[in-house]
Amino acid sequence: MPFFFIPVLIKNSCVLLFFFFLANLAQAQMQEQNSQHLSANTSNRISSLTCLTSTFLKHYSLPGFKVNIKKVQTTRNGNFLLAGSLILPNNEEEGLLSTMDNAGYFLTQNRFRINNKPLGIYTLKVKANDKYLIAGILHDVPDKVFIAQLSNNLTTDWVKIITTPAIPVDVKLDVAYNDQVFFAVNMTNSIYYSLLDISGNYI
């Protein structure tokens, strides 16, 4: 509660109480105005929010396969791109890249191998030019990292196979300046990282 100092010698206690009453009344009016202003602002913020007009909750499975989704991105046309892998009945892993419309229905499903070798897609990036970058681990002897650029019809533009100093366990990527590709690989006790140009060559 603020203290109002009145530079007048007041001898009558009733006058002192009157000024004290006025001070508290003014404070109460200020608090009420602030509360009304806050409520108006909150109401404006809430009324400006927009909600999705359609929602979906679906379940998806492939009999005999284990589906493992690692990354989801929104495409430039408003659909969704899902990346991950399928675990086959023989425990081999295949890359899985699916497109889905905004109602939750699958449009395409593509399974990936490189040189007929199993792999898992670990990450995904939709570029501004509507190209797709995927990266993951290629199961070879030893395991390697792969990075690929795809067109929006999921055909391959280029693939980069990377041998790391130790066994890779995870890989991340992002689009850097001038469409360059920055990637980083987690290994057991260290990381391996570099920059690729728009054609997948080391910079």
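Leaving aside its neighbours within four places in sequence, with which residues is isoleucine 137 in contact? Select isoleucine 137 and display its surroundings: beyond those neighbours, the contacts (heavy atoms within 4.5 Å) are Leu119, Gly120, Tyr122, Asp143, Lys144, Phe146, Pro168, Val169 and Asp170.

Before going further, some conventions apply. The model is predicted, so that local features need pLDDT of at least 70 and side-chain atom pairs count only at pLDDT 80 or more, while totals for chains, interfaces and linings use all residues. Residues are numbered from 1 along each chain as its sequence is written, and side-chain values use heavy atoms, with hydrogens and water left out.

**Whole chain.** Colour by secondary structure. From the N terminus on, their order is α-β-β-β-β-β-β-β-β-β-β-β. Of the 203 residues, 33% count as buried (buried means under 20% relative accessible area, exposed over 50%, partly exposed in between, with a 1.4 Å probe and protein chains only).

**Isoleucine 137 again.** This residue lies in strand β6 and is buried, at a relative accessible area of 3%.

**The largest nonpolar core.** Next select Leu81, Leu97, Leu119, Ile121, Ile134, Phe146 and Leu150, the residues with the most contacts inside the largest nonpolar core, which has 16 residues (a core is a set of buried Ala, Val, Leu, Ile, Met, Phe, Trp, Tyr and Cys residues joined through side-chain atoms within 4.5 Å). The elements giving two or more residues to this core are β2 (80-87), β5 (119-126), β6 (132-138) and β7 (144-150). Strand β5 supplies the largest share, four residues. A second, separate core of 15 residues includes Ile137, Val145, Ile147 and Ile162.

Centre on leucine 119. Leaving aside its neighbours within four places in sequence, its contacts include Glu93, Gly95, Phe112, Ile137 and Phe146.

**Threonine 123.** Move along to threonine 123, also placed in strand β5. Threonine 123 counts as buried because its relative accessibility is 5%. Apart from neighbours within four places in sequence, threonine 123 is in contact with Lys71, Leu133, Ile134, Ala135, Val171, Lys172 and Leu173.

Strands β3 (residues 93-100) and β4 (residues 106-112) pair in the antiparallel sense over six bridges (strands pair if DSSP finds at least two bridges between them). Leucine 97 stands opposite asparagine 110 in β4. The hairpin has five residues between its strands, and glycine 104 in the turn has a positive phi of about 95°.

Then select β7 with strand β8 (residues 156-162): six bridges join these antiparallel strands. Leucine 150 has threonine 156 in β8 as its bridge partner. In this hairpin, with five residues between the strands, leucine 154 takes a positive phi near 70°.

Select phenylalanine 182 in strand β10 (residues 181-187). Phenylalanine 182 is partly exposed, with a relative accessible area of 36%.
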